[in-house]
Every structure is written in structure tokens, then in C-alpha cells.
Amino acid sequence: MTELGSRLKEARQAKGLSLDDLQEITKIQKRYLKGIEEGNYDMMPGKFYVRAFIKQYAEAVGLETEQIFEEYKREVPDVYNEDLPEQISRVQSRKTVAPSTSKMLDIFPKILVAVFIIAAIALVYYLVTNFAGSGSKDKLGNSKDTPIETQPVKEKNKPVAQDKEDKTKDNTTQNDNNQDDANKKDEEDKKAETPAQEVKVLSASGRNSTYQLVNSEKFEVKLVSTGRTWVNMKNGQGHSFFQGTLEEGKSQVVDFSNETEAYLVIGNATQTEIYINDQKLEFAVPPSESTSQNITIQFEKTKTE
């Protein structure tokens, strides 16, 4: 019996399925299923059917086929065309379809709100500039009080030109200090108004968990292996940026800042750490030993003015 056959058999027995039960689920003859477990591929109709039967067997017992083919690629026969036809697999995998129309409907009300806020700010600025400013000028123009001019006491033996130059320097220094204080206050106000990054749990069921990243302009995902794990890092359209095995102490970083969703397939969740913008992600469902998990992270970039 091969390592692959032992892995498949253990998964079948863990689900409480017999070979007869598996034959009913996959529609594959019992003798072929037994041949897969024993590693006897010569009895199969051809190499193509070997890969197809292994794929159906793995799906039926809840294993990730990509991970199985990657880990046991030395045992599985190669064929020229490894793409399996859709009609062979009786166990259909879940497909994600990007609902572009729904997203447009979700974004449209936000655009209207933003336009309304900008128009309100412009109106307030116009009223303050034209009416508040003119009122201040009228009050200053109608004032009947005669200002009293005070002449500072000049230092003895100090030229008049030098005295004027000193006053100009003092005024310039004071204005620079006031401008610096105003800039520092604006920077402090902006920092206080900027909320901290947050990762929310939207749903969690079995091996599937969905999170949402908010209050961030950047979306960088880093996977760190503390043992040995197989991973696949994809976007919402199914494009894979990286897939393969990470040995102990190795890591992989992918920048999803231009994506709206990241989909992570983790083969060994107990020996994998996930970081989002250097913030460690806590699993919504704590993984058990040698358990794989499918992680979906939704992202909407924070807009800055």
C-alpha cells in the first residue's frame, strides 16, 4: 500500500464509509477504489482515469485535491493534459462568481452620499467667506473709537534702522512659530480622526471562514509556516498568486491592495500563521490536528481626502 493509498483510506474510514458506500457516491467500481488504496494502478483503464478516480475519491472523503496531487505527485502518474473534464467529477466544488452588478448597486448609494457631503461643505464655506467676512469688515469700519498709538521706548545709542529691522525679525519669527503650531495641530487632528485597522469575522462554519478588513488603505497577506504546510493564495476571481508547500520557518507575502477579496487555502492550519498588514489573524474556528481551512478576506480600501 502506498502513502497516498493510506491517506485516502484513513480519510474514508474517518468518515465511516465502506468501499461499497464510496462506490455508490462516486459511481466508480469497487475494484478500482480498492486498487487506488493498494497503489495498484496497472489495473486501471489508463493513466488519465487514475488521476480522475483519485480526484473523485479525495473529494468524496473531504480532502483538497490540489493538495493531494501536490504532496503525492511522485506516486500519481503524469499525463499530457492534466485538466479533468467537468463531467467526470460527480462531486462538484464550490465556485465563486464575482457579482459585479450587485457591487455596483452597493457602491452607488455611497457615491451619492459623498457628493451630498461635498456640496454641503462647499455651501458652508461660501456662506462663511462672504457673510461672516463682510460683517467683520463693517464692524471695523463703523468703530468710532480712536486707537491709541504707543511708542516703544528705544534703547539708548541704538540706530532707528536697526530698531525697525529687529521688529521685522520678531514679527517673522512669531508668524513662523504660529504656522508651525497650526501645522502640528492639523497633523494631530488627522491622526486622531484616522481609525485603527480592524479585521471582523463575518461568518464561520466548519473549515470555511469569512472575514472583512476595514480602516486600511493597504491589504498585505503574509503566511508563516511553523511546521510544514501546503497553501494556495488566490484573489476573488480565482487567480492564484502563489501555491505550494512551505517548509518550517518559511513565509510567503502577497499584496492584495488592488483586489477586493483574498481566498486562502491552508492545508495544515495548525502549523500556519496568517498576518494581515502585520496583524496576526486569529482563526474563527480553532483548527484541530492536520485540518485544512478555507479563509476568505473581503477588503474595501479606505478613501483618503
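1. Glu 300 and Lys 110 form a salt bridge in which the closest N and O atoms are 3.2 Å apart, the term being used for a side-chain nitrogen of Lys or Arg within 4 Å of a carboxyl oxygen of Asp or Glu. The pair links distant parts of the chain, since Glu 300 is in the segment after β10 and Lys 110 is in helix α6 (residues 100-141), 190 residues apart. Glu 300 counts as partly exposed at 48% relative accessibility, and Lys 110 is partly exposed as well, with a relative accessible area of 45%; here buried means under 20% relative accessible area, exposed over 50%, and partly exposed in between, with a 1.4 Å probe and protein chains only.

2. This is a predicted model, in which local features need pLDDT of at least 70 and side-chain atom pairs count only at pLDDT 80 or more, whereas totals for chains, interfaces and linings use all residues. Residues are numbered from 1 along each chain as its sequence is written, and side-chain values use heavy atoms, with hydrogens and water left out.

3. By the rule given above, the count comes to nine salt bridges. One of them joins Asp 20 to Lys 30, with the closest N and O atoms 3.3 Å apart; this pair links distant parts of the chain, Asp 20 in helix α2 (residues 19-26) and Lys 30 in helix α3 (residues 30-38), ten residues apart. Asp 20 is partly exposed, with a relative accessible area of 44%, and Lys 30 is partly exposed with a value of 35%.

4. Within helix α4 (residues 47-60), Glu 59 and Lys 55 lie four residues apart, about one turn of the helix, and they form a salt bridge whose closest N and O atoms are 2.6 Å apart. Glu 59 is buried, and so is Lys 55. As for the naming of elements, helices (H or I, at least four residues) and strands (E, at least two) are DSSP runs, numbered from the N terminus.

5. An open sheet of six strands has the order β1-β2-β10-β7-β4-β5, with mixed pairing, where two strands pair if DSSP finds at least two bridges between them. The edge strands are β1 (198-205) and β5 (240-246), each of which pairs on one side only. Neighbouring strands of this sheet are turned by 15° against each other on average, direction ignored. Within the sheet, strand β2 (residues 208-214) and strand β10 (residues 293-299) run parallel and are joined by six bridges, with Asn 208 standing opposite Asn 294 in β10.

6. Four strands form an open sheet in the order β6-β3-β8-β9, and the pairing is antiparallel. Because β6 and β9 stand at the edges, each with a single partner strand, one side of each is left without a neighbour in the sheet. Strand β3 (residues 220-225) pairs with β6 over five bridges in the antiparallel sense; Lys 222 stands opposite Val 253 in β6, and Val 224 opposite Ser 251 in β6. β3 also pairs with strand β8 (residues 272-276) in the antiparallel sense over five bridges, and there the bridge partner of Leu 223 is Ile 274.

7. Two loop residues deserve a look at their backbone angles. Asn 215, in the loop between β2 and β3, has a phi near 60°, a positive value in a residue other than glycine, and this residue is partly exposed, with a relative accessible area of 29%. Asn 277, in the loop between β8 and β9 (279-280), has a phi near 50°, again positive in a residue other than glycine, but Asn 277 is buried, with a relative accessible area of 13%. Most residues other than glycine have a negative phi.

8. On confidence, the chain averages a pLDDT of 79, and 74% of the residues score at least 70, pLDDT being the predictor's confidence in each residue, from 0 to 100. Among the elements of the chain, helix α7 (residues 160-193) has the lowest mean pLDDT (70) and strand β6 (residues 251-255) the highest (95). Over residues 80-98 pLDDT stays under 50, and for this stretch the model has 26 contacts beyond four places in sequence, a contact meaning heavy atoms within 4.5 Å. Over residues 136-144 the pLDDT is below 50, and this stretch has zero contacts in the model beyond near neighbours in sequence. Where pLDDT is low, the predicted coordinates should not be read in detail.

How values were computed
Axes fitted to C-alpha atoms, helices over the stretch in contact; angles between N-to-C directions.
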